[in-house]
Amino acid sequence: VFQNTPPKYVYSDPNSNQEYLYHCKSFETCNSKRDPYKKFLFYACSRSTLVNHSLAVAVFTGVMTSNSEFERDGLLALTLNHDDDEEENLKRHLLKKRISGEPSDYHGSFKNIVDLKAAVIGINANKNLEKVFVNCRPWISEDNPSEISMDIQLKIFDFDLNIQRTISKAEAVTPSSRFFLIHVSSSSLYAISGDEKGKIHVFDSNYNIYICSLSGHSNVVSCATISPTNDNFICSVSDDHSIMFWDMGH
């Protein structure tokens with residue numbers, strides 16, 4: 001996730017007329033619920049530190065290719081330079097199409113960016129609820145990003161990146177220099193997240209409230225996901241070398 005040569009792009013702040021160079025390291029794509037020709041690209045990025053501390057969104061419209069192709073093309077639309085050969089070849093291909101006058105597959109535009117003043121460790125976009133769930137560890141001091149809290153906050157945004165709620169339930173044990181990515185999963189009923197103490201935390205994705213915590217793992221739960229066919233069925237993976245399945249209906 002933390003690449004040696006992450007994509008870079010320039011954001012021009014309309015309020016201060018200043019340009020900031022950001023590094024983009026992780027992202028999440030999501031189709032629009034209302035418009036089949038629109039996709040959202042949510043991505044964590046950084047300006048002050050080497051660790052992601054901001055959340056941004058760009059909107060793309062037009063005829064879409066596969067998700068993997070869109071993710072690469074979408075990032076390239078925000079990229080100034082990158083050393084990865086595959087993406088460089090794709091960028092040259094897109095530039096050739098642009099010079100030759102061939103129609104683009106999509107048109108993209110930057111929409112918004114929010115500085116969370118926290119290390120972003122997980123992103124999930126839910127198109128049905130039009131919400132973005134973000135796991136992050138806040139800076140202990142807003143002026144000092146080198147030290148982050150042991151609290152893992154779940155921040156909930158709408159698709160315009162307006163904050164709806166911040167919930168603190170998950171906990172961390174790793175220091176600021178070495179921490180885990182803790183992924184988020186969501187459905188029409190729940191949002192779930194693991195933590196570094198072996199727990200899985202369940203939230204109501206509609207009302208943005210905490211429901212309960214599930215215990216069973218003995219080490220970091222870096223990924224817990226909800227079944228795409230049954231909202232009550234959860235799978236979790238832990239550094240205790242186990243995979244667990246949970247039935248929220250019982």
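Which strand gives the most to the lining of the largest pocket? In this predicted model, the answer is β15, with four residues.

**View 1. An open sheet of three strands, ordered β15-β16-β17.** Welcome to the sheet that holds β15: its strands pair in the antiparallel sense. β15 covers residues 221–226 and β17 covers residues 243–247, and both stand at the edges. Each of these two has a single partner strand, so one side of each is left without a neighbour in the sheet. As you go from one strand to the next, the twist averages 20°.

**View 2. The pairing of β16 with β17.** Here you can follow β16, made of residues 233–238, alongside β17. Five bridges link the two strands, which are antiparallel.

**View 3. The largest pocket, with a volume of about 340 Å³.** Its lining is formed by 21 residues. Which of them lie nearest the centre of the pocket? They are Asn124, Ala125, Ser185, Ser186 and Ser187.

**View 4. The strands and residue types that line the largest pocket.** At least two lining residues come from each of β2 (18–31), β6 (118–126), β11 (184–186) and β15. By type, the lining has eleven polar, seven nonpolar and three charged residues.

How values were computed
Residues are numbered from 1 along each chain as its sequence is written. This is a predicted model: local features need pLDDT of at least 70, side-chain atom pairs count only at pLDDT 80 or more; totals for chains, interfaces and linings use all residues. Side-chain values use heavy atoms; hydrogens and water are left out. Two strands pair if DSSP finds at least two bridges between them. Axes are lines fitted to C-alpha atoms, for helices over the stretch in contact, and angles run from 0 to 180 degrees between N-to-C directions. On a 1 Å grid over the protein atoms alone, a cavity is a set of points where a 1.4 Å probe fits but cannot get out, and a pocket is an open set with protein on both sides within 12 Å along at least five of seven lines; lining residues have an atom within 4 Å of a point. Grid points are joined across faces, edges and corners, and a volume is the space filled by probe spheres set on the points. Ala, Val, Leu, Ile, Met, Phe, Trp, Tyr, Cys and Pro count as nonpolar, Asp, Glu, Lys and Arg as charged, and the others, Gly among them, as polar.
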